Amino acid sequence: MISLNFNKDNNKINLKANICSNDILKNYMDFDYFTGLCKDGCPHYNLSYTCPPNSPKFTYYTKDYDYSLVIAMYMEIDKDQTINDIHPYLRRVLSDLLIPLEKEVNGLLTDGGRCRYCESCTYIDNLPCRYPDKIRFSMEAMGIDLDKVCKDILNHSIVWDNNENSYCTVLGSVNFNDLSYDKIEKILLSLVNCI
Ligand code: SF4
């Protein structure tokens with residue numbers, strides 16, 4: 001497990017990362033159940049090419065890759081902030097890491113939520129995606145139990161409330177093949193120093 005922290009924009013951001021075989025991760029997938037939760041409770045359901053019911057199963061998306069480097073970033077929520085303030089910020093920081101990491105390991109990333117390249121996704125206007133080569137999906141949109149992955153793979157709990165001493169977590173990953181733990185760790189550390 002890689003565990004570190006770094007400063008960005010005067011924020012202390014913590015990072016945990018661990019390598020997991022996709023054969024193990026697929027056991028955390030219950031596609032119908034978790035995409036059903038999106039359908040029942042998410043205001044973004046069916047409003048993006050990257051949200052259910054348009055997202056693929058995790059097993060299909062990752063079929064060409066043997067391993068995932070699962071990454072959680074988290075930071076404390078100040079008294080005058082809410083999780084809704086921090087989450088989009090932390091997602092951007094995670095993307096700043098995942099995008100070059102994907103390139104470095106010749107892999108495929110899973111995002112920390114729905115695609116946000118465009119202000120409004122062209123899906124709702126029944127038009128083609130503006131940047132099809134940039135489309136990536138989140139693990140939760142592909143039916144993965146994020147809470148359990150976070151606990152089991154990273155020994156970290158996701159919290160979704162604004163209580164005192166609370167923190168905000170975003171989760172993503174990069175799929176890859178044929179790279180040693182040492183090599184992945186070296187690449188990750190060098191990129192963290194650049195974001
Ligand atoms: S790139 Fe734009 S159009 Fe394509 S999925 Fe993302 S938000 Fe939608």
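The ligand is surrounded by 14 residues, of which the closest are Cys 115, Tyr 117, Cys 118, Cys 121 and Cys 129, where a residue counts as near a molecule if its C-beta atom, placed from the backbone, lies within 6 Å of it. This is a predicted model, in which local features need pLDDT of at least 70 and side-chain atom pairs count only at pLDDT 80 or more, while totals for chains, interfaces and linings use all residues. Residues are numbered from 1 along each chain as its sequence is written.

**Ligand shell**
- Sorted by class, the shell around the ligand holds nine nonpolar, three polar and two charged residues; Ala, Val, Leu, Ile, Met, Phe, Trp, Tyr, Cys and Pro count as nonpolar, Asp, Glu, Lys and Arg as charged, and the others, Gly among them, as polar.

**Overall fold**
- The protein chain contains six helices and five strands, which are DSSP runs numbered from the N terminus, with helices (H or I) of at least four residues and strands (E) of at least two.
- Along the sequence, these elements follow the pattern β-β-α-α-α-β-α-β-α-β-α.
- A compact globule of 195 residues would have a radius of gyration near 16 Å, and the protein chain, with 16 Å, agrees with this; the radius is taken over C-alpha atoms, and the globule rule is 2.2 Å times the number of residues to the power 0.38.
- The C-alpha trace of the protein chain spans about 45 × 40 × 30 Å along its principal axes.
- Of the 195 residues, 35% count as buried, meaning that 20 or more other C-beta atoms lie within 10 Å of the residue's own, whereas exposed residues have 12 or fewer and partly exposed ones fall in between, with C-beta atoms placed from the backbone.

**Packing of H4 and H6**
- Helix H4 (residues 83-104) and helix H6 (residues 181-192) pack at an angle of about 145°, with their axes 10 Å apart; axes are lines fitted to C-alpha atoms, for helices over the stretch in contact, and angles run from 0 to 180 degrees between N-to-C directions.
- Leu 97, Pro 100, Leu 101 and Glu 104 in H4 meet Ile 187, Leu 188, Leu 191 and Val 192 in H6, contact being defined by C-beta atoms, placed from the backbone, that lie within 7 Å.
- The residues of this contact of H4 with H6 comprise seven nonpolar, no polar and one charged.

**Leu 108**
- Leu 108, which is found in strand E4 (residues 108-110), counts as partly exposed because it has 17 C-beta neighbours inside 10 Å.
- Apart from its neighbours within four places in sequence, Leu 108 is in contact with Tyr 65, Glu 102 and Asn 175.

Methods:
Two residues are in contact if their C-beta atoms, placed from the backbone, lie within 7 Å.
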